[in-house]
Amino acid sequence: MSTKPEGGVVRHEIALINGVHTKISYAVPHEDNERVCIVVIPGNPGSIEFYDIFIESLFKESGGKIPVYGVGHAGHCQLEEAGYFTCGKRKSPEQENSPDILHLEDQIAHKLSFIAYHIPKECKVILIGHSAGAYITLQMMKRYHDKDKFLKGILLFPAIEHIMESPSGRLWWVVCFYLQWPFLFMTFFFSLMPAVFKKWSIGWWMHLNKQSSHESTVNATHAFLNYRAMENMLRIGRDLGTIKDIDMQSVSDNIDKLIFYYGARDPWVPRSCYEKMKKLFPDGDINICNDDIQHAFVLNGSEQIAKKVWEWLDKEFTVV
């Protein structure tokens, strides 16, 4: 890594991945550790700054020894700068070639490209996927050419089956398919407001709803509240509607590497999904969260989830 954050403070760089400038959040040790790293795959929306507190908390839980990288979804935030991410050893240069609309399949290819081009070949990876990011994680473990690359896949509140049949999914289906244009129009109108007003409005709304108004959360919300990012978020929303049954091959082939963490009262992933998974894979590491942590844990439960994740990893690995 070209620059080192002090004491686990998350830094940001812009990477060119599959021709798309992408924001990366990261916390890395002062001394290079190319043996193992953690890569966080966000849900939808995929503005990675939502995960900054989680990334920093997880880095601190590791004792500041394990690099943690968060890879934003392509096209999910407005970037005002371009840069060059130097985490790993790049195989070949990329040219900027950003399509207007990016599908779920594009996001999977985007994350696979990050692993292939930006993580050193000898470095093993622990994947952490949240919500729709859990589906992307499963597909990465299924498709990547080097099956030994991934040591673990941790699926947090995993949206991996019948997503649009959940209570929140049915509402989201209406937004994605029937209210798309009013939604985009309101976003476009809001994006024309001065940045100070927009950030104040976001902070006020979060405070009103008793959510975290941390600077990174406000910045993440501000970054994706523009027409193009919102259109890409809705595109993934529509693509998620095509996911029906669990990808049994992905789960079966990697069950010894997977850790599932379901919510007890999750409107996106009902408890019945947890019960079904327990029946299908009785020997799998399938857990349920009985704490009062919502599906969008990055808004109010990042530290608690980071602590839980490290409890699992600390049992599995001896890290130096």
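In this predicted model, helix α5 runs from residue 180 to residue 191. Its twelve residues reach 16 Å from the first C-alpha to the last, close to the 16 Å expected at 1.5 Å a residue. Three residues of α5 are buried, namely Gln180, Leu184 and Thr187. Viewed down the helix axis, these buried residues fall within an arc of 60°, so they line one face of α5. On the face turned away from this buried side sit the exposed residues Trp181, Phe185 and Met186. The cover over the buried residues of α5 includes α4 (167-178) and α8 (227-240).

Helix α4 can be read in the same way. Its twelve residues should span 16 Å at 1.5 Å a residue, and the 17 Å between its end C-alpha atoms agrees with this. Buried positions in α4 are Ser168, Gly169, Trp172, Val175 and Cys176. Because they cover an arc of only 120° around the axis, they lie on the same side of α4. Leu171 and Tyr178 are exposed, on the face of α4 turned away from its buried side. The buried residues of α4 pack against α5 and α8, while α4 and α8 are in turn among the elements that cover the buried residues of α5.

Attention now turns to the sheet. Eight strands form an open sheet of mixed pairing, in the order β1-β2-β4-β3-β5-β6-β7-β8. At its edges are β1 (11-17) and β8 (285-289), each of which pairs on one side only. With direction ignored, neighbouring strands of the sheet are turned by 20° against each other on average. One of the pairings joins β6 (residues 150-156) to β7 (residues 258-263), in the parallel sense and over four bridges. Here leucine 156 has tyrosine 261 of β7 as its bridge partner. Helix α2 (residues 104-118) lies across several of the strands: β1, β2 (20-27), β3 (36-41), β4 (68-71), β5 (124-130) and β6. The helix runs at about 100° to β1.

Apart from its neighbours within four places in sequence, threonine 137 is in contact with Ile41, Leu127, Ile128, Gly129, Gly153 and Leu155.

Some backbone details in the loops also deserve a mention. Asparagine 44 and proline 45 are joined by a cis peptide bond, with omega at about 10°. Proline 45 belongs to the loop between β3 and α1 (52-61). Serine 131, in the loop between β5 and α3, has a phi near 55°, a positive value in a residue other than glycine. The relative accessible area of serine 131 is 11%, and the residue is buried. Histidine 162 also has a positive phi, of about 40°, although it is not a glycine. This histidine 162 is found in the loop between β6 and α4. Its relative accessible area is 22%, so histidine 162 is partly exposed.

Notes
Residues numbered from 1 in each chain as written. Predicted model: local features only at pLDDT ≥ 70, side-chain atom pairs only at ≥ 80, totals over all residues. Heavy atoms only, no water. Helix = DSSP H or I, 4+ residues; strand = E, 2+ residues; numbered from the N terminus. Expected span 1.5 Å × (residues − 1). Buried < 20%, exposed > 50% of the residue type's maximum accessible area, 1.4 Å probe, protein only. Arc of directions from axis to C-beta. Contact = heavy atoms within 4.5 Å. Pairing = 2+ DSSP bridges. Axes fitted to C-alpha atoms, helices over the stretch in contact; angles between N-to-C directions.
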